[in-house]
Amino acid sequence: MPRILGVDIPGKKRLEFALRYIYGIGPAMAREVVAKANLDAMKKADAPTDEETSRIIGILQSGYKLEGDLR
């Protein structure tokens, strides 16, 4: 089970759907993040490499209010 921004996301779901488990990410934002990270939306959440995961984290931290900032 991958961990992104302190949230365990389900590894068996597609990345596009698994990102929605992070508070503040909806369907449109999940698609946008996957596109900005140049990843395949059909890829499972436990399949990205460490480099791809760090790209996702960098994108989420740079321009979005998520988790604690929204709560």
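1. Gly24 sits in the loop that links helix 1 to helix 2. Helices here are DSSP runs of H or I with at least four residues, strands are E runs of at least two, and both are numbered from the N terminus. At 34% relative accessibility, Gly24 counts as partly exposed; the scale is buried under 20% relative accessible area, exposed over 50% and partly exposed in between, with a 1.4 Å probe and protein chains only. Gly24 is 35 residues from Ile59 in sequence, and their C-alpha atoms lie 14 Å apart.

2. A word on what you are looking at: this is a predicted model, in which local features need pLDDT of at least 70 and side-chain atom pairs count only at pLDDT 80 or more, while totals for chains, interfaces and linings use all residues. Numbering starts from 1 along each chain as its sequence is written, and side-chain values use heavy atoms, with hydrogens and water left out.

3. On the overall layout, the protein chain has 3 helices and 2 strands, and from the N terminus on they run β-β-α-α-α. Along the principal axes, the C-alpha atoms fill a box of roughly 30 × 20 × 20 Å. The radius of gyration of the protein chain is 11 Å, which agrees with the value near 11 Å for a compact globule of 71 residues; it is taken over C-alpha atoms, and the globule rule is 2.2 Å times the number of residues to the power 0.38.

4. Which residues have the most contacts inside the largest nonpolar core? They are Leu19, Ile22, Ile56 and Leu60, in a core of 19 residues. Helix 1 (15–18), helix 2 (27–36) and helix 3 (50–63) each supply at least two residues of this core. By nonpolar core I mean a set of buried Ala, Val, Leu, Ile, Met, Phe, Trp, Tyr and Cys residues joined through side-chain atoms within 4.5 Å.

5. Leu60, in helix 3, is buried, with a relative accessible area of 1%. Setting aside residues up to four places away in sequence, Leu60 touches Ile4, Leu5, Ile22, Ile25, Val33 and Leu66, where contact means heavy atoms within 4.5 Å.

6. Apart from neighbours within four places in sequence, Leu19 is in contact with Ile4, Ile25, Ala30, Val33, Val34 and Ile56. For the protein chain, 57% of the contacts with a separation of 6 or more join residues 24 or more positions apart.

7. Please check the backbone at two spots. Most residues other than glycine have a negative phi. Leu5 has a positive phi of about 55° although it is not a glycine; Leu5 lies in the loop between strand 1 (3–4) and strand 2 (7–8) and is partly exposed, with a relative accessible area of 27%. Asn38 also has a positive phi of about 55° without being a glycine. Asn38 is in the loop between helix 2 and helix 3 and is exposed, at 64% relative accessible area.

8. Is Glu52 buried or exposed? Glu52 is buried, with a relative accessible area of 14%. Glu52 lies in helix 3 and touches Leu39 and Lys43, not counting residues up to four places away in sequence.

9. Last, the surface. Buried residues make up 38% of the 71 in the protein chain. The accessible surface comes to about 4,200 Å², of which 50% belongs to carbon and sulfur atoms; the areas come from the Shrake-Rupley method with a 1.4 Å probe.
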